[in-house]
Amino acid sequence: MWEKLKTGSVWVVDFGGQYNQLIARRVREANVYCEIVPFQRCMERLTAAKSGDGKPQGVIFTGGPSSVYEAGAPGLPREFFETGIPTLGICYGAQLMAHTLGGQVVSPDFKEYGRVRLHIDDPYGAGLQESNREPGEDGTDIFPSELFYGISGEQYCWMSHTDYVAAAPEGFIVTAHTDNCPAAALEDRARRLYGVQFHPEVHHTPFGQQLLRNFLYRVCGLDGGWTMENFVREKIGEILATVGESRVLCALSGGVDSSVAAVLTHRAIGDNLTCIFVDHGLLRKDEGDQVMEVYGRQFNMDIRRVDAAGRFLKKLSGIEEPEQKRKIIGNEFIAVFEEEAKRLGAERGDFDYLLQGTIYPDVVESGGGGGGAAVIKSHHNVGGLPEEMDMKLLEPLRLLFKDEVRAVGEELGIAPELVWRQPFPGPGLAIRCLGAVTPEKLEIIRESDAILREEIDAYNEGLFALTGIRDYEGRGAAAGKRPGGAAIGEAPGIRLGRAASGEAPGIPVWQYFTVLPNIRSVGVMGDSRTYDYAVGIRAVTSVDGMTSDWARLPYEVLETIANRIVNEVGGVNRVLYDLTSKPPGTIEWE
Ligand code: XMP
């Protein structure tokens, strides 16, 4: 079974560092399965894991905001280091390892932050030029640090710390230093304990992925069995074994997670999966039809579209307060879904399972956070679990990060423009239509948003041709042409010569849409006065939506968008660009 894929796993023990999920993603990118385990639960889980299956083959300690000298600082008992599990401590994790085992951690007067020159030492006398020599290859038993295999001499690394290890514990040897940090890397080869003061998981440490791979493959002896191809094959078998002949119900929204979960499950159980697509009338232009075309016709899935636009509009009528809008939409969604499920159940018998597109970041328990974060917006995800429904949960993507979900989607043959779809909020256009929602205002958003997406898709495609980075709602290379007829890469604002001249070509726009701020202003069109709506453009760069910056779109791109919106969308005479980062703003306007 697919459990095999997970054996030989790694635990990323979380000490509250901001990069805990990033470390886990890097491990997965090295094709090794890993889980994030809060430090408080580490010993308890180790005790529970008898040996074999549940026990990790390697452990990575994350960084964290504490100092080992603080009262109540997160830590692990000394016994942990006697388990014989290969361990790599990063930043705070390295300090904790050194401190627990009798080394010296100090708080110097300075902080080391940013890109720093790293000198890799040669404590074993193996010769720096020979750092990728295999152990014992030339008949000697002198070989370099496994961690720095293939990495030698001078490198750059990313530092972000106050405390550091001043003296390594007994049995440890220093393997790298910086001008300010005497033990930037240390190891006890015999006990397979390793520590690095810098952050190998961030891109600013260019050799970081190689170092992590060295730890996973050379120190822990893992192999790279965790691939999405294997995942799909094994997961299909697992779903079939779990579900058998039972019936499964899914709320399909057209978003990446629910779509990938549905296609995967459909591969396993075919028509025993029924999807309900609640069309709340708040989707983008042509989106509802696209969902039916792709998943209904191409993938041949059993999808029931419920046209509930009228119901939602009626409930939303006259409602201006953003939170109230979100709650109404959330509740109405569940009501429609339940009614439809009941109707379908009466038709063909009840459903045993509810399929959900839950992904790993939704289920990670954090070890460091104090919890109690302020609720900024109630993020109701359409597809949320109706509480009274008596069904078992099926969550096949529960262990995957977003980029892995996309890779599974591609593996399953879902088109790139759907797999790389930008985030779209459950409450849809209602929260981009400030004030009361009306059909007229929704139409303006839909049309202006379609124009904006055409233009920014073309811009992103041009960047993709230059940089090879695709991290946005790409149309897929097959789309080829923008509506104006110019080939991708010739879209306005992208000069192919720029890369050659060494100037940065720009960052792909991560999320982009229009909003209607509910303002009307005076304009002039032809010889007549107009009194029409202003449309706002929101276009941001981001990694995960937690923070974002406004996209530095070239003026030419903005000009084309603004001209097209005013000329092509009725009822609009002005276009605004939102220059707010998050924080202090949020990405959506409501
Ligand atoms: P904010 O506006 O909080 O949005 O900066 C961060 C990201 O979350 C998306 N978003 C939502 N996604 N249901 C969702 O599934 C929601 O209710 C919701 N509200 C915001 C938003 O589009 C952005 O990507």
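Does N460 count as buried or exposed? In this predicted model, N460 counts as buried, because its relative accessibility is 0% and the cut-off for buried is under 20%. The residue sits in helix α14, which spans residues 439-467.

Setting aside neighbours within four places in sequence, L553 is in contact with I456, Y459, V509, A539, L558 and Y577. Of these, I456 and Y459 fall within the 439-467 stretch of helix α14. L553 is itself one of the residues with the most contacts inside the largest nonpolar core, along with L249, Y295, F337 and I414. That core has 92 residues, and it draws at least three residues from each of domain 2 (228-429) and domain 3 (432-577).

Nine strands make up an open sheet with mixed pairing, in the order β2-β1-β3-β4-β11-β10-β9-β6-β7. At the edges are β2 (34-38) and β7 (154-161), each of which pairs on one side only. On average, and with direction ignored, neighbouring strands here are turned by 25° against each other. Inside the sheet, β10 (residues 185-188) and β11 (residues 193-196) pair in the antiparallel sense over four bridges.

Helix α4 (residues 92-100) packs on it and touches β3 (58-61), β4 (87-90), β7 and β11, with a direction that makes about 115° with that of β4. Helix α5 (residues 208-219) lies across β1 (10-14), β3, β4 and β11, and runs at about 160° to β4.

As for the whole chain, the tally is 16 helices and 21 strands. Buried residues make up 54% of the 590 residues. Among contacts with a separation of 6 or more, 77% are between residues 24 or more positions apart. The accessible surface comes to about 25,700 Å², and carbon and sulfur atoms account for 49% of it.

Note on methods. Residues numbered from 1 in each chain as written. Predicted model: local features only at pLDDT ≥ 70, side-chain atom pairs only at ≥ 80, totals over all residues. Heavy atoms only, no water. Helix = DSSP H or I, 4+ residues; strand = E, 2+ residues; numbered from the N terminus. Buried < 20%, exposed > 50% of the residue type's maximum accessible area, 1.4 Å probe, protein only. Contact = heavy atoms within 4.5 Å. Areas by Shrake-Rupley, 256 points an atom, 1.4 Å probe, with all protein chains shown as cover. Pairing = 2+ DSSP bridges. Axes fitted to C-alpha atoms, helices over the stretch in contact; angles between N-to-C directions. Core = buried A, V, L, I, M, F, W, Y, C linked by side-chain atoms within 4.5 Å. Domains from an automatic or database assignment.
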